[in-house]
Amino acid sequence: MFSTLLFYILSVILLFSSLMVIFSRKPVNSVLFLIVSFFAISGHYILLNAQFLAVVNIIVYAGAIMVLFLFTVMLLNLNKETEPRKPAMFKVISVITGCLLAITFIGALKGIDNTPHNFSDNSIGLIKNLGKVLFKDYLIPFELTSVLFLASIVGTLMIGKKE
Amino acid sequence: MDTIITSLQGISIQSYVWLCSILFTIGVVGVLIRRNAIVVFMSIEMMLNSVNLLLAAFSVYRNDPSGQVFVFFIMVVAAAEVAVGLALLVMIYRNTQTIDINFLNKLKW
């Protein structure tokens, strides 16, 4: 019962902060609300007993990626309300499109089986088990991510360099 | 910890499907209605996160750790993508003095 309540509280925080991300005028406020939503998602991970993902989500998303966003917003001096508005008609059409998309998702996923699941082995989200899976079954993709990061570093340097 | 897991059975996977669908939709609407490229980028991050949350939820409900490994890989790819994307945005701003996506329509027609 307690965790159901926690689920709804976290969901309300998550949805509210996500709406504020796309509706707040200043980009800095959007970044800060996105950090709040990332913490809410980490709370959801903890509720699911996925502790590794919760910690990685805070470190990588709320820590590294959002700092990068904040740096860029402040570097570009974007904290002005200079963004020209799109026409209201376009916004209404966009929201209707989004609602149709949500209806499609929910309709498509409505038929999944809702049988009670057994939580006999509830430790799959712990670092020990995930590490075993990662280094046994997914060793090659894990090593390939280092190549991806190297390519990303080189690409970022090449793009960001002044000619 | 055991109490959390046993009480988790009160939350059905359907709730997570609803939550993540709505979150993904908010991201799509954000991409559509904003003209600031950074906010568009943040909306894309939000969509990635909703998919992550649903993957983790299914992984826990199905007792399969592969889902959480996939979430980990999605986070890795998102980190690389953000680094390159923000470098592109800084470069665009340096060349055009704006990041309004309506001015970036050279590839549109």
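Biologist: In which helix is B:F73 found?
Modeller: This is a predicted model: local features need pLDDT of at least 70, side-chain atom pairs count only at pLDDT 80 or more, and totals for chains, interfaces and linings use all residues. Residues are numbered from 1 along each chain as its sequence is written, chains are lettered from A and ligands numbered from 1 in the order in which they are written, and side-chain values use heavy atoms, with hydrogens and water left out. Helices (H or I, at least four residues) and strands (E, at least two) are DSSP runs, numbered from the N terminus. B:F73 is found in helix 4 (residues 66-96) of chain B.

Biologist: Is B:F73 buried or exposed?
Modeller: Buried means under 20% relative accessible area, exposed over 50%, and partly exposed in between (1.4 Å probe, protein chains only). B:F73 has a relative accessible area of 12%, so the residue is buried.

Biologist: How far apart are the end C-alpha atoms of helix 3 of chain B?
Modeller: The expected span of a helix is 1.5 Å times one less than its number of residues. Helix 3 (residues 37-62) of chain B has 26 residues, so it should span 38 Å. The model agrees: the end C-alpha atoms are apart by 38 Å.

Biologist: Which residue caps the N-terminal end of helix 3 of chain B?
Modeller: After the helix comes B:N63, with a positive phi near 60°. At the N-terminal end, a side-chain oxygen lies 3.2 Å from the backbone nitrogen of B:I38. That oxygen belongs to the cap, B:N36.

Biologist: How many residues of helix 3 of chain B are buried?
Modeller: One residue in this helix is B:N49. B:N49 counts as buried because its relative accessibility is 0%. B:N49 touches A:F38, A:I41, A:N57 and A:Y61, not counting residues up to four places away in sequence. Helix 3 of chain B is largely enclosed by the rest of the structure, because the buried residues number 20 of the 26.

Biologist: What pattern does chain A follow along the sequence?
Modeller: Chain A has six helices and zero strands. Its pattern is α-α-α-α-α-α.

Biologist: What percentage of the residues of chain A count as buried?
Modeller: One buried residue is A:S42, with a relative accessible area of 3%. A:S42 has its place in helix 2 (residues 27-47) of chain A. A:S42 touches A:A54, A:N57 and A:I58, not counting residues up to four places away in sequence. Of the 163 residues of chain A, the buried share is 36%.

Biologist: Which helix of chain A gives the most to the nonpolar patch?
Modeller: Accessible areas come from the Shrake-Rupley method with a 1.4 Å probe; for residues, only the protein chains shown count as cover. A:F2, A:L5, A:L6, A:I9, A:I13 and A:V36 make a nonpolar surface patch of about 540 Å². Five residues come from the top contributor, helix 1 (residues 2-23).

Methods
Patches are made of residues with over 30% relative accessible area and no salt bridge: like charges are joined within 9 Å, nonpolar side chains (Val, Leu, Ile, Met, Phe, Trp, Tyr) within 5 Å. A salt bridge is a side-chain nitrogen of Lys or Arg within 4 Å of a carboxyl oxygen of Asp or Glu. A polar contact is a pair of N or O atoms within 3.5 Å; within protein, one must be able to donate a hydrogen and the other to accept it, and residues adjacent in sequence count only if both atoms are side-chain atoms. Contact means heavy atoms within 4.5 Å.
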